[in-house]
Amino acid sequence: MANKLFAPAQLGGLTLSNPIVMAPMTRNRATTGHDVTDIMATYYEQRASAGLLITEGVAPSPNGNGYARVPGLYTPEQVAGWKAVTAAVHAKGGRIFAQLMHTGRVGHPVNMHAGGQVLAPSAIAAAGQIYTDEQGMLDQPTPRAFTTEEVKATVQEFVTAAQNAIEAGFDGVELHGANGYLIEQFLRPTSNTRTDEYGGSVENHARFALEVAEGVSAAIGKEKVGIRLSPYGVFNDMPYSPEYDAIYTYLAEKLNDYVVYVHLVDHASMGAPAVAPEIVAQIRQLYTGTLILSGGYTAQTAEEALESGRADLVAFGRPFIANPDLVERFKAGADLNQPDFSTFYTPGEKGYTDYPVLAEVAEA
């Protein structure tokens, strides 16, 4: 019988109804102009029984919005749209953080607001292609490298977006430092060959992440800021090398000053190298705040992680797509709906807000 999985949990000054976190997942249900849609409010409201919801990646600026139909937090219209989402979640007793995701080199001008540019630490294209609504699959473009002054301006974009998130009613923000997006592009030597203060050494590779965390924390408060990291992640052409471990352990220790949680991702269940237990233990030792673990967990393995103290909160991704009432299903020991992979990133309600809950199954 689970003792911790359904008990209240603390996240800084917030009391969560349980330690179950809905992981951030791109769903591409915003408008082609990157505004929030009504069905997005329904989607998050349906899942508000999670202790904490973390939104899909939300762009902090036009330069960071490289995907089709991904929402932003840089216009008044976007802030207004998110207010409907946060109000719906709070009305159900839920808590919700916005994940701020700058796509960096992983983007295409066809997907961007007018004036948006594909910028990155260095002019190194990611391998592969990217989807666009207008022209289908296109090769990843070679980004233009930021000037040092543009890096500092981009830090401020994150700060402004975090302030917009609080105005929109979010309980906090998560900085997306994983999955090959901008913050991780600065962390990894494969995508960052800079020779200024943002590249070359362990400290310099971590500098951008820490400046963003410091700036956002100063603007909205440390207890409203988290960060997601994937030390062994290979998504978006980010090959792993053991030498990178030193960057992540240095970062973990420094983050104590700026964030209320570190969200550590293990994508082994999706084909990436498994995160070594030693690295998790080392980060757990160096970073003394709340640790969220994510990656292929079941109710049983989540309970074990909580009971052992390896994790304070546990995040679930794909199970929440097809099971808006995942918490209730865990409690009942009920079977889970299986997701329709063909509708993960398509517009509309199908495969988004139309999955049945237990009560509907019983009535059928």
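Two strands pair if DSSP finds at least two bridges between them. Strands (E, at least two residues) and helices (H or I, at least four) are DSSP runs, numbered from the N terminus. This is a predicted model: local features need pLDDT of at least 70, side-chain atom pairs count only at pLDDT 80 or more, and totals for chains, interfaces and linings use all residues. Residues are numbered from 1 along each chain as its sequence is written.

**View 1. Strand S5 and its parallel partners.** S5 covers residues 96-100. Four bridges join S5 to strand S10 (residues 172-177), and the two run parallel. Here Gln-99 stands opposite Glu-174 of S10. Strand S4 (residues 52-58) also runs parallel to S5, joined by four bridges. Leu-100 in S5 is the bridge partner of Val-58. From S4 the chain passes through helix H2 (residues 76-91) to S5, a right-handed β-α-β crossover (with the strands pointing away from the viewer, the path from the first strand over the helix to the second runs clockwise).

View 2. Which residues point one way from S5? Ile-96, Ala-98 and Leu-100 do, while Phe-97 and Gln-99 point the other way.

**View 3. Residues around the second largest pocket.** The lining has 13 residues. Nearest the centre lie Asp-266, Val-275, Val-280, Leu-293 and Tyr-297. Strand S12 (261-265), helix H7 (277-286) and strand S13 (290-294) each supply at least two lining residues. A pocket is an open set of points on a 1 Å grid where a 1.4 Å probe fits, with protein on both sides within 12 Å along at least five of seven lines; lining residues have an atom within 4 Å of a point.

Terms used: Side-chain values use heavy atoms; hydrogens and water are left out. Buried means under 20% relative accessible area, exposed over 50%, partly exposed in between (1.4 Å probe, protein chains only).
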